[in-house]
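Have the picture open as you read.

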Amino acid sequence: MRTAIRNARRLVAKVGSALVTNNGEGLAVDALADWARQIAGLRAEGREVVLVSSGAIAAGMQRLGWTSRPQEMHQLQAAAAVGQMGLAQAYESVFAANGLHTAQILLTHADLADRTRYLNARSTLVTLLELGVIPIINENDTVVTDEIKFGDNDTLGALVANLIDADALVILTDQQGLYTADPRKDPSATLISEERAENTALEAMAGGAGSGISKGGMITKVRAAQRAARSGAHTCIASGREPDALLRVARGEQLGTLLYATSTPLAARKQWLADHLQLAGSLTLDDGAIEALKSGKSLLPIGVIAADGDFTRGAVVACRTRDGREIARGLVNYAANDTRRIVRHGSGEIESLLGFIEEPELIHRDNLILIG
Ligand SMILES: Nc1ncnc2c1ncn2[C@@H]1O[C@H](COP(=O)(O)OP(=O)(O)O)[C@@H](O)[C@H]1O
Ligand SMILES: N[C@@H](CCC(=O)OP(=O)(O)O)C(=O)O
C-alpha cells in the first residue's frame, strides 16, 4: 500500500501545534526550516504540496506572555491574530531560503459550506500550485464562532485534501503514529503500521489531545483519514521529529501509520455535501422513505414526518431515522416553513398547499448522499 503514497502527485501536509511551537515554547523555527527544505525537495520531484499549519494560538500566547491556553473565545482569537503574524513571517523566510514563495490562506467552515466560496478557494489553491507557490493554510481563528469553526486542523487538513483532490494527506505530530491506545497513558500500546481508513475499530483506540496547546488529539486524525478517504486520498500519520519524515513518507518508506482509502471516491458535488460539518436543519423520515433513499431514489415530501430547524431553499439538511440517526443529507428544495406545510403530502398537492411548486421532490437524488 505504501506505493500509493509514493505515487501521490498532490499532497497535503499538516503540522500540529505541538510540533510548530515546540510544545508551546514558541515558534520552532528550525523545524519550520526543515519542513520547508523537505517540501522544496518534493517540489523538485514535480510534486505539489499544500501545508496546513497550526500554531497561531500557541505562538500568540507565547508572544503575549500567557502560560496557559485561555478559555474565552475573544482571548483565543486575539492570541491567534498575534501568532498568525509570526507564523506567516517565519514560513515566508524559511521557504524563501529554498527559493519558494508562500501564500497565506485562512479559512472558516462557512467558506467551504458555501458552494461559490468553496469553488473559489479551490481555484485559488490550484492556481497557486500551478504557479509553484506553497499555500500555507490555517483556520481563520480571528473570526470563528462555534457555528463556523472546524475546531482542529486535522479536520481542516482532510477537507483541504478533498477540496483539491489530493492523493495523500500526511499528518505530522509528536507521536510515531496511531497506537493501539494512547502511548502516554498505556506503555504497552503498539504502533499500527497500516490499516484501512474506513475501519471504525480505529476510533476506539484513538484518544484526545496530548497537551494543553493542541486541540484535536488522535481521534481527529483518525476521522480526518476517514474523511480524506472519501475523495480517495490516503493518510499517513507520522512523527514530525523523525528526520526527513515528510520526504520518507512521501517516498513510500514504512514510517508511521498509513490509513489507506479503499472506497470509490464520491463525485465532486457529493463530496462537498459530505464535508459539511454543520447542517442547517433536519428531516425525520418514515420507513418507506428510508428504503427509497437506500435504493437510490429522491426524497418526496410524503415520506417525511417532521422538519426541524430554520433552513432556506438550497440549504444542506440531514435526513434522520425516527431515533435521530443521520442516514443521508442533501440540498433541500423548499425552505423550512414551506417544508413543514407539505410533509406527509403527495407531490401533486404541493401547488395547492403552497400556491407554487419548485420541484416535486423535497431533495432530488442528484443532490443527496447516503451516510454510513
Ligand atoms: N491511540 C493513540 N496513538 C497515538 N497517540 C494518541 C493516541 N490516543 C491519543 N493520542 C494522543 O494524541 C496526541 C497527538 O495529538 P495532538 O496533541 O492533537 O497533536 P497535534 O498538535 O500534532 O495535532 C499524542 O501526543 C497522544 O498523546
Ligand atoms: N488554528 C489553531 C490550531 C488548532 C489546533 O490546535 O490544532 P492541532 O494542533 O492540529 O490539534 C492555531 O493555529 O492555533
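This is a predicted model: local features need pLDDT of at least 70, side-chain atom pairs count only at pLDDT 80 or more; totals for chains, interfaces and linings use all residues.

Q: How do you know where the "domain: PUA" feature lies?
A: That comes from UniProt, where an unreviewed entry places it at residues 281–363. The annotation may be inferred rather than shown by experiment. In the model, residues 281–363 are 24% helix and 27% strand, with the end C-alpha atoms 13 Å apart.

Q: What makes β3 and β6 edge strands?
A: Start with the sheet: eight strands form an open sheet in the order β3-β4-β2-β1-β5-β7-β8-β6, with mixed pairing. β3 (102–107) and β6 (194–196) are its edge strands, as each pairs on one side only. From one strand to the next, the twist averages 20°.

Q: Why do β7 and β8 count as paired?
A: Two strands pair if DSSP finds at least two bridges between them. β7 (residues 234–239) and β8 (residues 257–260) have three bridges, so they pass, and their sense is antiparallel. To see one bridge, find C236, whose partner in β8 is L258.

Q: Which strands does helix α8 lie across?
A: Helix α8 (residues 153–163) lies across β1 (10–15), β2 (48–53), β3, β4 (134–139) and β5 (168–173). It runs at about 170° to β1.

Q: What makes up the shell around ligand 2?
A: α4 (56–64), β4 and α8 each supply at least two residues. The largest share, three residues, is from α4. Of the 17 residues around ligand 2, S17, S54, A56, I57 and K215 come nearest. By kind, the shell divides into four nonpolar, eight polar and five charged residues.

Q: What is the strand order in the five-strand sheet?
A: The order is β10-β9-β11-β12-β13, in an open sheet with mixed pairing. The edge strands are β10 (304–309) and β13 (368–370), each pairing on one side only.

Q: Why do β11 and β12 count as paired?
A: At least two bridges are needed, and β11 (residues 316–320) and β12 (residues 326–331) have five, so they count as an antiparallel pair. Look for A318, which stands opposite R329 in β12.

How values were computed:
Residues are numbered from 1 along each chain as its sequence is written. Chains are lettered from A and ligands numbered from 1 in the order in which they are written. Helices (H or I, at least four residues) and strands (E, at least two) are DSSP runs, numbered from the N terminus. Axes are lines fitted to C-alpha atoms, for helices over the stretch in contact, and angles run from 0 to 180 degrees between N-to-C directions. Two residues are in contact if their C-beta atoms, placed from the backbone, lie within 7 Å. A residue is near a molecule or strand if its C-beta atom, placed from the backbone, lies within 6 Å of it. Ala, Val, Leu, Ile, Met, Phe, Trp, Tyr, Cys and Pro count as nonpolar, Asp, Glu, Lys and Arg as charged, and the others, Gly among them, as polar.
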